[in-house]
Amino acid sequence: MIPEFNIFALRINKENSTGQKILQANKIYYLLKGYSINKDKISYDESAACVVNLYNDYVGIEGSPLHVNISAVVGANGSGKSTLVEYILRLMNNFAASLFGEEELHPEAEHLHFIDGVYGELYFMLDKHPHLLKISGDKVELYEYNQLIDIETLSKKNVIQFTVDSRPLFYRNCRKDWKGQGKYYTYWRKKIPSFQKIADHIFYTFVSNYSLYAYNTLDYSDENNSHLLEKILRQNTDKTTKACWLDGIFHKNDGYQTPIVLTPYREKGNIDINQESILSSERLISLLLMGRGFKTLNAHLQVLGFELTSKPNIYDCDYLKQTVEDIRLRPRAYNKLKNKIVECWAQKYNCSFTKSVESPLYKSALNYLAIKTIKISARYKQYRKYFLKINTVEKWVKQKHLDAIEGMVDAISRDQSHITTRIRQTLCFLTRRHFDSSFISLDDAIALCANALRSMKEDYEQGNPLMFTKKEDVLPAPFFNVSIRLRESHGKSIYLDKLSSGEKQQIYSISSILYHLSNIDSVHSDLNKKRVAYKRILIILEEIELYYHPALQKEFIKYLLDGLRQLHLSSVLAISIIVVTHSPFVLSDIPTSNIIALKDGNMENDSLQSFGANIHDLLKNSFFLNSGSRGLFAEWIIKEITKALELHKNDNQNNNRWLLNYPREKVHKLIMIIDEPIIQRVLLEQFRQVFTDEKRAERILELQTELERLNRESH
């Protein structure tokens with residue numbers, strides 16, 4: 001059986017290619033066994049490859065088209081793991097830049113940056129046909145291979161051969177086609193069917209890495225566009241914008257069009273962990289309320305519902321001054337501006353707030369709506385001109401100030417990005433009061449959100465302006481605290497925020513992946529057909545064992561598969577997951593044929609046996625620990641014991657000063673704290689050879705230790 005989708009090989013084609021680092025040029029790195037690349041031909045050996053439906057059998061439900069493949073990149077620190085992944089990112093980044101150009105795609109989406117000096121090839125199976133993405137400096141090419149049937153191929157059992165189509169599916173000379181202006185790409189972007197044709201032969205790449213020292217843009221300054229080129233590309237004569245290619249692929253709001261995204265967002269290498277925590281919680285709540293069947297976390301925590309309580313914040317003029325720096329509004333002026341903002345939002349959408357008047361949160365909602373509107377105008381440059389017209393009003397509000405408010409609301413209302421999500425959530429509460437301070441079951445919350453979205457459709461049919469357009473817009477308003485109530489497998493109720501930090505990290509990591517998958521899948525349901533829809537997703541998870549106890553490491557792959565099983569994707573056909581890890585617990589769920597082990601930039605995975613293997617057996621492999629699996633300090637203690645016994649044996653006069661630190665009683669106690677029974681037994685035998693007279697206290701300690709070991713084993 002031929003795989004539907006996977007990434008199976010990488011090659012760097014030129015010495016000193018940008019990003020090459022420790023990897024070797026002109027060497028094929030096979031991420032999966034069973035593939036052989038020879039010039040324009042690729043052979044696939046089914047007998048050497050992994051069982052194609054290994055993960056499909058677990059994830060698949062009746063009628064589901066989903067194919068799942070999981071592979072791993074492993075190796076010690078400095079072995080080339082991160083370099084290999086980064087090279088995949090560079091190739092995909094340059095493909096995206098060649099397809100979309102380097103101008104801004106969206107006011108809130110960072111523009112892309114083509115990386116100079118990249119020479120490499122990425123091989124992947126897609127729709128059961130090998131494909132090749134080739135980057136050669138400025139040139140970007142995408143090829144498809146077709147199955148080759150001849151006598152030689154038929155004579156080889158289980159081997160299928162493919163030959164490359166001489167005509168590329170996609171070709172672009174980026175710098176030449178750009179010609180210093182964006183008109184070429186602006187025209188090309190309007191041809192959505194042409195875009196979709198290319199998207200059907202490529203995949204969306206989602207990368208997650210929470211390592212503290214990863215993807216710091218300051219470390220990639222030698223790969224930045226020059227200031228001159230940035231000015232030409234942006235047509236910017238005042239100042240240059242960010243020029244690092246990483247800035248262009250950090251998580252952004254482009255409707256899942258650019259086929260690569262890197263999470264979490266970093267500003268010069270720094271992760272805003274408070275913002276990430278908020279986003280993770282919002283993504284999980286949004287995922288749960290999508291109503292796609294995701295109701296169980298980490299396979300043993302059933303989601304019961306949500307406890308909604310009002311935040312203690314008092315949204316007034318003082319609160320506004322605390323959160324916005326350069327503002328001098330007094331309460332009287334603030335109240336008049338607030339009323340005007342509320343009036344403008346109601347007029348903008350031809351709506352009434354009467355449903356929420358009786359709510360104890362009604363006044364808080366109105367104040368929050370006004371404050372959030374002003375904060376957006378203060379924070380984002382495209383709206384700042386309105387803010388500067390009202391920020392110094394201390395007492396008397398004039399018509400020019402009211403006119404500025406009208407312009408501000410009008411401009412912000414046209415922004416459908418994440419910047420204005422909280423405004424739309426507040427408007428949804430004011431017009432529908434679909435959530436209140438109370439407990440609501442998961443099923444009831446899903447129904448409320450569905451009804452709110454249904455009312456949006458009715459507004460559209462009646463010709464009213466659309467207040468909200470996305471599922472996130474109908475989530476509980478931002479002046480609510482939302483606690484997720486869970487039930488454990490043994491029946492005990494618990495809140496998500498009371499779980500351990502490791503389990504919360506695992507839940508947030510998996511739910512974030514599922515959230516993005518669900519959104520990518522939903523693009524196919526966009527009846528406007530103005531966006532490219534991807535059918536295959538590459539997920540790269542780097543250092544996934546970070547912050548996890550070994551038990552959580554052991555569970556990660558299974559829990560991720562459990563999440564995919566619940567998600568009910570309708571249009572995404574295949575998901576390929578590449579795990580970059582040091583953890584033998586994770587590798588135990590991945591077959592050997594799907595693992596590339598790196599050492600000093602070379603492949604060394606012939607001796608690694610992983611799938612279903614015992615963790616201790618995996619650790620014995622020299623790939624993980626050349627000097628064994630014990631801690632270095634424990635090894636030092638064992639050597640000290642051996643040295644002490646040898647000196648005690650030869651130094652009958654006890655005139656060796658070093659031995660004063662290791663008297664007989666201390667040596668015996670050190671031997672008894674060693675939990676590895678074979679090592680302990682050998683050392684005890686040496687001890688008795690040195691000290692032939694048996695002491696009662698020593699024998700009692702030995703018997704107690706043996707009894708405790710037997711009791712542990714019986715349990």
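Biologist: Which way do the residues of β11 point, and are they buried or exposed?

Modeller: Tyr204, Phe206 and Ser208 point one way from β11, while Thr205, Val207 and Asn209 point the other way, and all are buried. Buried means under 20% relative accessible area, exposed means over 50%, and partly exposed is in between (1.4 Å probe, protein chains only). In a regular strand the side chains alternate between the two faces of the sheet.

Biologist: What kind of model is this, and how are residues numbered?

Modeller: This is a predicted model, in which local features need pLDDT of at least 70, side-chain atom pairs count only at pLDDT 80 or more, and totals for chains, interfaces and linings use all residues. Residues are numbered from 1 along each chain as its sequence is written, and side-chain values use heavy atoms, with hydrogens and water left out.

Biologist: And what counts as a strand or a helix?

Modeller: Both are DSSP runs numbered from the N terminus: helices are H or I with at least four residues, strands are E with at least two.

Biologist: Which strands pair with β11?

Modeller: Strand β18 (residues 536–542) pairs with β11 in the parallel sense over six bridges, and Ser208 stands opposite Leu541 in β18. Strand β12 (residues 260–263) also pairs with β11 in the parallel sense, over four bridges. There, Leu262 of β12 is the bridge partner of Val207. Two strands pair if DSSP finds at least two bridges between them.

Biologist: What sheet does that belong to?

Modeller: An open sheet of seven strands, in the order β12-β11-β18-β19-β5-β20-β21, with mixed pairing. Its edge strands are β12 and β21 (602–603), each of which pairs on one side only. Helix α17 packs on the sheet and touches β11, β18 and β19 (574–581). The direction of α17 makes about 160 degrees with that of β18. Contact means heavy atoms within 4.5 Å.

Biologist: How does α17 meet α18?

Modeller: Helix α17 (residues 501–522) and helix α18 (residues 550–567) have axes that come within 10 Å and cross at roughly 35 degrees. Axes are lines fitted to C-alpha atoms, for helices over the stretch in contact, and angles run from 0 to 180 degrees between N-to-C directions. The residues in contact include Ile510 and Leu514 of α17 and Phe556 and Leu560 of α18. They divide into ten nonpolar, four polar and two charged. Nonpolar covers Ala, Val, Leu, Ile, Met, Phe, Trp, Tyr, Cys and Pro; charged covers Asp, Glu, Lys and Arg; the others, Gly among them, are polar.

Biologist: New topic. How do α21 and α23 pack?

Modeller: Helix α21 (residues 632–650) and helix α23 (residues 677–690) pack at an angle of about 15 degrees, with their axes 9 Å apart. They are therefore roughly parallel to each other. Angles under 35 degrees count as roughly parallel, over 145 as roughly antiparallel, 65 to 115 as roughly perpendicular and the rest as oblique.

Biologist: Where is there a cis peptide bond?

Modeller: Between Thr263 and Pro264, with omega about -5 degrees. Pro264 lies in the loop between β12 and α9 (273–289).

Biologist: And what is phi of Lys39?

Modeller: Phi of Lys39 is near 55 degrees, a positive value in a residue other than glycine. Most residues other than glycine have a negative phi. Lys39 sits in the loop between β3 (35–38) and β4 (41–45), and is exposed, with a relative accessible area of 73%.
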